[in-house]
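Morning, everyone. Please look at the screen while I walk you through one protein chain.

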Amino acid sequence: MIVKASDAKPLAVAIMGPTASGKTAAALAIAREQPVEIISVDSALVYREMDIGTAKPTAEELASAPHHLIDIIDPLDAYSVMQFRTDTLRLVAEISARGKLPLLVGGTMMYFKGLADGLDDLPTADAGVRAALDAEAARIGWPGMHDKLRALDPVTAERLAPNDAQRINRALEIIELTGQPMSSLLARREKPELPFDLVSFALEPSDRAVLHKRIALRFDQMLGDSDDDGIVAEVARLRARGNLSPNLPSMRCVGYRQSWDYLDGKIDRAGLRETGIIATRQLAKRQLTWLRAMPDRIVVDCLGRDPTGEILTQLKGLPS
């Protein structure tokens with residue numbers, strides 16, 4: 001087991017980054033070099049029956065090292081930051097006890113932040129306030145509500161998509177209940193001490209345009225050659241269950257939301273491709289915004305000659 005010599009805390013390593021930055025490839029390369037178990041930090045990979053649109057690791061990749069927090073809930077259900085933190089604290093302890101390195105891999109930055117900074121002590125939901133905000137959104141739209149949030153709490157607005165109704169509503173609700181921006185309340189909370197040392201690598205692009213090309217290629221691969229394969233077929237199978245709706249967190253995942261609109265006839269196939277790629281780019285932008293707010297991360301250029309080799313070199317230099 002790799003431990004930090006100063007206080008004998010077990011070590012965990014995080015590989016963070018925007019979509020299409022090569023996180024999975026880096027993790028699997030590390031798994032070939034040393035004994036690890038991979039903890040997925042991805043709010044989409046938790047869902048069963050959602051494989052293509054989430055770029056879920058293949059059966060061969062999953063077999064190359066033990067993986068955790070993949071395929072653990074039904075698309076009808078939700079998985080919170082609190083559940084992730086509880087599960088991850090338990091998993092890191094168990095993996096370390098087995099003498100392996102816990103490797104936290106993914107791009108759901110809210111999960112990483114919840115793990116490192118702890119859970120917030122924000123006010124509980126107020127049905128009346130939420131109803132009033134929903135009514136206002138019905139009049140001006142969620143992009144309009146996002147503009148309202150930007151004027152009141154620009155820090156929170158920067159990391160939210162203009163159509164992220166759930167989180168925009170929550171951020172505005174907190175302002176209404178406390179008179180303070182959510183970002184200010186979160187900045188003042190006391191950061192808990194983790195029971196392990198976390199070394200975080202961030203795969204970030206030196207050229208955003210190249211990442212955008214990767215995103216387009218990846219979405220085209222997910223889309224496939226026709227509606228009979230790829231993400232459209234996957235969403236069609238999910239819709240056929242009859243108990244899912246486009247408002248569920250699972251169906252709001254990038255690619256799934258746009259495919260649902262396509263199957264409803266709201267957009268054509270070209271529109272599906274365009275809106276899917278745009279949404280993925282916006283996701284990557286928000287992920288990079290989250291990363292820039294994490295000062296302790298070790299930045300590795302995901303477009304460099306050998307980003308995985310750079311991570312491995314730095315891992316070998318850690319105290320053992």
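One definition before we start. A polar contact is a pair of N or O atoms within 3.5 Å, where one must be able to donate a hydrogen and the other to accept it. Keep that in mind for Arg-297. The side chain of Arg-297 reaches the backbone oxygen of Leu-291 at 3.0 Å. And please remember that this is a predicted model.

Let's stay with Arg-297. Where does Arg-297 lie? Look in the loop between helix 12, residues 269–292, and strand 6, residues 298–301. Is Arg-297 buried or exposed? Arg-297 has 18% relative accessibility, so it counts as buried, since the cut-off for buried is under 20%. Which residues does Arg-297 touch, if we skip those up to four places away in sequence? They are Met-16, Ser-200, Ala-202, Glu-204, Leu-291 and Arg-292.

Next, the domains. The domain assignment of the protein gives two entries. Domain 1 takes in 11–119 + 191–317. Domain 2 is 127–187. Their C-alpha centres lie 26 Å apart. How is the size of an interface often given? Often as the accessible area lost when the parts come together. Here, about 610 Å² is buried between domain 1 and domain 2. Carbon and sulfur atoms give 57% of that area.

Now helix 5, residues 127–152. Start at its N-terminal end. Asp-126 caps that end. A side-chain oxygen of Asp-126 lies 3.0 Å from the backbone nitrogen of Gly-128.

Then check the span. Helix 5 has 26 residues. A straight helix would reach 38 Å at 1.5 Å a residue. The end C-alpha atoms of helix 5 are only 21 Å apart. Where is the kink in helix 5? At Gly-141, shortly before the proline Pro-143, and the angle is about 105°.

Helix 5 also has a buried set. Among them are Val-129, Leu-133, Trp-142, Met-145 and Leu-149. The set also includes Glu-136 and His-146. What do the buried residues of helix 5 pack against? Helix 6, at 154–158, and helix 7, at 165–178.

On to two loop residues with positive phi. Glu-49 is not a glycine, yet its phi is about 70°. Find Glu-49 in the loop between strand 2 and helix 2, which covers 59–63. Glu-49 is partly exposed, because its relative accessible area is 42%.

Leu-69 has a phi near 65°, again positive in a residue other than glycine. Leu-69 sits in the loop between strand 3, at 67–68, and helix 3. Leu-69 is buried, because its relative accessible area is 7%.

Leu-69 leads us to Thr-88. Thr-88 lies in helix 3, residues 81–97. Its relative accessible area is 0%, so Thr-88 is buried. Leave aside neighbours within four places in sequence, and Thr-88 is in contact with Ile-39, Leu-69, Leu-104 and Leu-115.

Last stop, Pro-35. Look between helix 1, at 23–33, and strand 2, at 36–40: Pro-35 is in that loop. Is Pro-35 buried or exposed? Pro-35 counts as exposed, because its relative accessibility is 52%. Pro-35 touches Lys-100 and Leu-101, not counting residues up to four places away in sequence. Now compare Pro-35 with Arg-130, 95 residues apart along the chain. Their C-alpha atoms are separated by 48 Å.

Conventions
Residues numbered from 1 in each chain as written. Predicted model: local features only at pLDDT ≥ 70, side-chain atom pairs only at ≥ 80, totals over all residues. Heavy atoms only, no water. Helix = DSSP H or I, 4+ residues; strand = E, 2+ residues; numbered from the N terminus. Expected span 1.5 Å × (residues − 1). Bend = angle between axes of the 7 residues up to and from the residue. Buried < 20%, exposed > 50% of the residue type's maximum accessible area, 1.4 Å probe, protein only. Contact = heavy atoms within 4.5 Å. Domains from an automatic or database assignment. Buried area = accessible area lost by both parts, 1.4 Å probe.
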